[in-house]
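Here is a protein model to work through by question and answer. Please look it over before reading on.

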Amino acid sequence: MSAVHKKIWIDRIVDVLDLIASVMMVVLTAVVFGEVLSRYVFDLPLVFSNELTLLLFPWVIFIAAISVTKNEGHLSINFFRNLMPKAVQRWVFAFSKLVMLFFSVYMSFSAYRMGENTASQVMPVLRISKTWLITSVSVSFAVISLILIYQFVMIVLGKLEVPDEEEMLDDLDHGN
């Protein structure tokens, strides 16, 4: 393992987004727990809980996807890449970032367009535009795109190494 890792701006942004996702998850859990308690114990269902859950869940998922992308926590099949020479592995790694970037830009743009189409639709209880559901996708994939651009540049400059399978396993074990 390397020495102390100095946090750069992108690490700080992801840390803030992780905190936001964690707070949203706590709120989501409290709302669902409150709904179950209210409905089955007091026989008084919370009218807003379904729509609030519907709003919070995509935000939690897609904000967490930003952290997963930044920390290389997504699933990847490295068998063939690991059979290649180190120099080729680097370019295959860079190419995979470009493929992910294409997908992320496409998703962000598509979600933005879908959000435009749902702008006039309002949730009946909370009176919030359904665009807020779709915005989670466009915002998260826009941030993911920025992260992927940053990672691609770092790979090309030789400042981001291709992760080894053993390092990835160590990261999953949290160094224990």
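This is a predicted model: local features need pLDDT of at least 70, side-chain atom pairs count only at pLDDT 80 or more; totals for chains, interfaces and linings use all residues.

The questions below go from the overall fold to single residues.

Q: What percentage of the residues count as buried?
A: A residue must have under 20% relative accessible area to qualify. The protein has 176 residues, and the buried share is 31%.

Q: How much of the accessible surface belongs to carbon and sulfur atoms?
A: The accessible surface of the protein comes to about 11,900 Å². The share from carbon and sulfur atoms is 71%.

Q: Which residues does isoleucine 63 touch, not counting residues up to four places away in sequence?
A: Isoleucine 63 is among the residues with the most contacts inside the largest nonpolar core. With residues up to four places away left out, its partners are Leu17, Ile20, Ala21, Met24 and Ser140.

Q: What share of the contacts between residues at least 6 apart in sequence joins residues at least 24 apart?
A: Count the contacts in the protein between residues at least 6 apart. Those that join residues at least 24 apart make up 73%.

Q: How many residues apart in sequence are the parts tied together by lysine 70 and aspartate 11?
A: A search of the whole structure finds 2 salt bridges. In one, the side chains of lysine 70 and aspartate 11 meet at 2.8 Å, N to O. Lysine 70 lies in helix H2 and aspartate 11 in helix H1, so the pair ties together parts whose separation in sequence is 59 residues.

Q: Are lysine 70 and aspartate 11 buried or exposed?
A: Buried means under 20% relative accessible area, and exposed means over 50%. Both lysine 70 and aspartate 11 are buried.

Q: About how many helical turns separate glutamate 35 and arginine 39?
A: Their side chains meet in a salt bridge of 2.7 Å, N to O. Both residues are in helix H1, 4 residues apart, so the separation is about one helical turn.

Q: Is glutamate 35 buried or exposed?
A: The cut-off for buried is under 20% relative accessible area. Glutamate 35 has 11% relative accessibility, so it counts as buried.

Q: With which serine does the side chain of glutamate 35 make a polar contact?
A: Beyond four places in sequence, glutamate 35 touches residues including Pro45 and Leu46. A polar contact of 3.0 Å joins its side chain to that of serine 49.

Q: How far apart are the end C-alpha atoms of residues 132–158?
A: The UniProt annotation "transmembrane region" (unreviewed entry) covers spans including 12–32 and 132–158. Residues 12–32 are 100% helix, with end C-alpha atoms 30 Å apart. Residues 132–158 are 93% helix and 0% strand, and their end C-alpha atoms are separated by 39 Å.

Q: What separates the C-alpha atoms of valine 92 and valine 162?
A: Valine 92 is in helix H4, and at 30% relative accessibility it counts as partly exposed. Along the chain, valine 162 is 70 residues away. The C-alpha separation is 9.3 Å.

Technical notes:
Residues are numbered from 1 along each chain as its sequence is written. Side-chain values use heavy atoms; hydrogens and water are left out. A nonpolar core is a set of buried Ala, Val, Leu, Ile, Met, Phe, Trp, Tyr and Cys residues joined through side-chain atoms within 4.5 Å. Buried means under 20% relative accessible area, exposed over 50%, partly exposed in between (1.4 Å probe, protein chains only). Contact means heavy atoms within 4.5 Å. Accessible areas come from the Shrake-Rupley method with a 1.4 Å probe; for residues, only the protein chains shown count as cover. Helices (H or I, at least four residues) and strands (E, at least two) are DSSP runs, numbered from the N terminus. A salt bridge is a side-chain nitrogen of Lys or Arg within 4 Å of a carboxyl oxygen of Asp or Glu. UniProt positions are given in the numbering used here, feature names are shortened, and annotations may be inferred rather than shown by experiment. A polar contact is a pair of N or O atoms within 3.5 Å; within protein, one must be able to donate a hydrogen and the other to accept it, and residues adjacent in sequence count only if both atoms are side-chain atoms.
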